Amino acid sequence: QKGLKKKFEANQDITVELQIGAQLLEESAATAKPGQQKRLRKWADQLNKPGSIADAVALGTSQDVSDLMHACCDRQNVTTYHKILTVEVERQKALFSTWYEFFPRSAAQEAGRHGNFQDCERLLPRIAEMGFDTIYLPPIHPIGYAFRKGKNNSVTSQPGEPGSPWAIGAESGGHKSILPELGTLDEFRQFVQTAREHGIEVALDFAIQCSPDHPYVKEHPQWFKWRPDGTVQYAENPPKKYQDVLPVNFETEDWQNLWLELKSIVTHWIEQGVYIFRVDNPHTKTFAFWEWMIREVRQQYPQVIFLAEAFTRPRVMERLGKIGFTQSYTYFTWRNTAAEIKEYMRELTQTEMRDFYRPNFWPNTPDILPHELQSGGEPAHITRVVMAATLSSNYGQYGPVYEFGNNTPVQGKEEYWDSEKYEVMHWDWGRLTKIREVITKINKIRQVNPALQTTWNIAFGDTDNPQLLCYAKWDSERRNKMLMVVDLGPHNTQA
């Protein structure tokens, strides 16, 4: 209903969506009581042969349909919560970590060349010198050609354009394979080992989605959702369409084999020396799978860390923490005023959330260029990274665009123009900036002050200027105490 309404309001063709709605009604009618069957099938006929599209949408989203579908819904996959709780003691990195994200294909020193793992190795001294202990790489797998996106998310790509790394899978392999341009599996292992010698762990992206070219589509078509018109369902967030990405259907009857295969992807990369995974959009997959998979993996590899990339509703983000995710992205990206920041930190540290939800603060991501960074320039970049690094013991940034202060947006959106998601970039990795200098200093301060290595111990001080945010942090033994004062206004000096 939600998707149907969004597409209708965006003036998209919803013929197939109405057919899907009719199909859902027919499926419920098969197990409903006789009186209910008649109403459900009548509605299904009205959606299949609508008098007008507007009337069909009104029917499909009506309260009568909602109520009867709820009463007749198939409860085959409903589970019961039994109050059997466990407590896990995780390694220190679960509490204190400093993340740096970059695209390995943009690591080449020469313009016009696709980066590889050897290029990434050459960047390790720079990243270590800045004080980061975790490198997160977007997907390193083969990228599909079908519906490949072009520059700036163009729906058609030009010859030679690399596509989005999140369109995973091609003839050369899927989630257990490496994009040939990046190198070999042995070269990847060497990169992981060299990073470890610099005090850095490598985190990989775990995105459960496939390009139409992914081997799974031919080998396991039952793992995908097929529409009434015979096409496979691609990813959508109306009005946005992601034709180059197919979501996996967790309601497949072959779910046991699907779950085992997805778990084997994680264990495959663990065997290559990777113990940290940034999970892409976990809230769009079934909770039961994550609870099972995380438990299964951590029984054998208790050192594994899972970061949930979930910018969604609060209760959903909390649920992911309860079922086993080690860390989570947060709303910090959009908390700007002193009042907003104080309230959000109170929620994270003084409510039951502190028992199951461990935040990781990111001032930007490849998908998100917040308005604060767009308008605030260098001062806003400095303010936001200092707050991320001192409010939360886990924080990260997407670079090098952050330390370079790149902030050109797609007009009217919180997105980067000339997004690196869709093209290979060439960076002057040796370039020095004030933002980079501040990041290096604040990371060194974090490393030697235990007060900044926990999120939970924090108190805010009063100020007579609403543009100034004052807060203190301390370690568990109260031997190390820190006082921070941040100017929230990027355009004027405050006192």
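View 1. Seven strands form an open sheet in the order β10-β9-β8-β3-β2-β1-β11, with parallel pairing, where two strands count as paired if DSSP finds at least two bridges between them. The strands at the edges are β10 (327-328) and β11 (394-398), each of which pairs on one side only. Helices (H or I, at least four residues) and strands (E, at least two) are DSSP runs, numbered from the N terminus. This is a predicted model, in which local features need pLDDT of at least 70 and side-chain atom pairs count only at pLDDT 80 or more, while totals for chains, interfaces and linings use all residues. Residues are numbered from 1 along each chain as its sequence is written, and side-chain values use heavy atoms, with hydrogens and water left out.

**View 2. Strand β8 between its two neighbours.** Strands of a sheet pair through backbone hydrogen bonds, either parallel or antiparallel. Strand β3 (residues 201-206) is joined to β8 by four bridges and the two run parallel, with Arg278 of β8 as the bridge partner of Asp205. Strand β9 (residues 305-309) also pairs with β8 in the parallel sense, over five bridges, and here Val279 has Ala308 of β9 as its bridge partner. Five of the five residues of β8 (residues 276-280) are buried, so this strand is largely enclosed by the rest of the structure; buried means under 20% relative accessible area, with a 1.4 Å probe and protein chains only. Both faces are covered, with Ile276, Arg278 and Asp280 buried on one side and Phe277 and Val279 buried on the other.

**View 3. Strands β1 and β2, with helix α15 on the sheet.** Strand β1 (residues 97-101) and strand β2 (residues 134-137) run parallel and are joined by three bridges, and Trp99 stands opposite Thr134 in β2. Helix α15 packs on the sheet, touching β1 and β11, and its direction makes about 160° with that of β11; angles run from 0 to 180 degrees between N-to-C directions, and axes are lines fitted to C-alpha atoms, for helices over the stretch in contact.

**View 4. Helices α13 and α15.** Helix α13 (residues 371-391) packs against helix α15 (residues 434-448) at an angle of about 15°, with the axes 10 Å apart. That angle makes α13 roughly parallel to α15, a term used for angles under 35 degrees. The contact, meaning heavy atoms within 4.5 Å, involves residues including His381, Ile382 and Val385 of α13 and Ile435, Val438 and Ile439 of α15. The residues of this contact divide into eight nonpolar, two polar and three charged, where Ala, Val, Leu, Ile, Met, Phe, Trp, Tyr, Cys and Pro count as nonpolar, Asp, Glu, Lys and Arg as charged, and the others, Gly among them, as polar.

View 5. The axes of helix α2 (residues 15-29) and α3 come within 8 Å and cross at roughly 165°. That makes α2 roughly antiparallel to α3, the term for angles over 145 degrees. Among the residues that meet here are Leu18, Ala22 and Leu25 in α2 and Leu40, Trp43 and Leu47 in α3. Helix α3 (residues 34-48) also packs with helix α5 (residues 63-72), at an angle of about 130° and with the axes 11 Å apart.

How values were computed:
Parallel < 35°, antiparallel > 145°, perpendicular 65-115°, else oblique. Buried < 20%, exposed > 50% of the residue type's maximum accessible area, 1.4 Å probe, protein only.
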